[in-house]
Amino acid sequence: EQMKYIDKIVSSHRKNGLLLDENIYNSRVKKLSKNSDAESSFWIYTLLVDNQQDFKKHMSSRGIASDVVHMRNDRYSVFKRFQREQLPGIDEFGSRMINIPCGWWLSDNDVKTIIDAVNDY
């Protein structure tokens with residue numbers, strides 16, 4: 001059923017993601033670099049911060065949800081035999097990543113509110 005609306009949904013995600021890309025400028029928050037020959041669907045928007053809980057508390061105080069969406073795949077029981085004690089690059093990324101909303105349901109004012117909150121962090 002959603003396929004009827006997919007173009008509009010993905011277009012809204014991209015519009016919101018590009019607004020976040022263009023307007024987040026806080027030096028305490030790192031935006032992810034993107035491959036110049038790829039186009040993101042922006043189904044989530046990931047940032048890197050030094051303190052996930054502090055950022056999450058700040059965003060929550062502004063009425064904005066933020067959270068970690070992914071974890072290391074080798075932590076799932078199905079991949080137990082592939083578990084490694086340390087994966088330094090993945091561990092570093094996982095300790096700093098946080099996701100903020102960028103979906104189709106956001107109004108332009110919602111996106112501006114999110115941008116302002118990130119920049120005020």
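**Core, surface patch and salt bridges**

Lys56 is partly exposed, because its relative accessibility is 25%. The model in which this residue sits is predicted. Lys56 forms a salt bridge with Asp67, and the closest N and O atoms of the two are 3.1 Å apart. This pair joins distant parts of the chain: Lys56 belongs to helix α2, while Asp67 lies in the loop between α2 and α3, 11 residues apart. Asp67 is also partly exposed, because its relative accessibility is 39%.

Lys56 also touches Ser66, a residue of the loop between α2 (52-61) and α3 (88-96). Ser66 has 8% relative accessibility and therefore counts as buried. Leaving out residues up to four places away in sequence, the contacts of Ser66 are Phe55, Lys56, Met59, Ile98, Asn99 and Ile100.

Phe55 and Ile100 are among the residues with the most contacts inside the largest nonpolar core, together with Leu20, Ile24, Leu47 and Val118. This core has 20 residues. At least two of its residues come from each of β2 (45-48), α2, β3 (97-100) and α4 (108-120). Helix α4 gives the most, with five residues. In soluble globular proteins, nonpolar side chains tend to be buried together.

Apart from neighbours within four places in sequence, Val118 is in contact with Ile24, Asn26, Val29, Leu47, Phe55, Met59 and Ile100.

Some nonpolar residues are on the surface instead. Met71, Tyr76, Val78, Phe79 and Phe82 form a nonpolar patch there, and together they have about 500 Å² of accessible area. Phe82 is found in the loop between α2 and α3, and counts as partly exposed because its relative accessible area is 40%.

The remaining features are charged pairs. The whole structure holds 12 salt bridges. One of them joins Asp21 to Lys34, with the closest N and O atoms 3.1 Å apart. Here too the pair links distant parts of the chain, since Asp21 is in helix α1 (residues 6-23) and Lys34 in the loop between β1 (30-31) and β2, 13 residues apart. Lys34 has a relative accessible area of 40%, so this residue is partly exposed.

Glu92 and Arg96 form a salt bridge at 3.9 Å, N to O. Both lie in helix α3, four residues apart, which is about one turn of the helix. Glu92 is partly exposed, because its relative accessibility is 44%. Asp50 joins Glu92 and Arg96 in a network of salt bridges.

Terms used. Residues numbered from 1 in each chain as written. Predicted model: local features only at pLDDT ≥ 70, side-chain atom pairs only at ≥ 80, totals over all residues. Heavy atoms only, no water. Buried < 20%, exposed > 50% of the residue type's maximum accessible area, 1.4 Å probe, protein only. Contact = heavy atoms within 4.5 Å. Core = buried A, V, L, I, M, F, W, Y, C linked by side-chain atoms within 4.5 Å. Patch = residues over 30% accessible without salt bridge, like charges linked within 9 Å, V, L, I, M, F, W, Y side chains within 5 Å. Areas by Shrake-Rupley, 256 points an atom, 1.4 Å probe, with all protein chains shown as cover. Salt bridge = Lys/Arg side-chain N within 4 Å of Asp/Glu carboxyl O.
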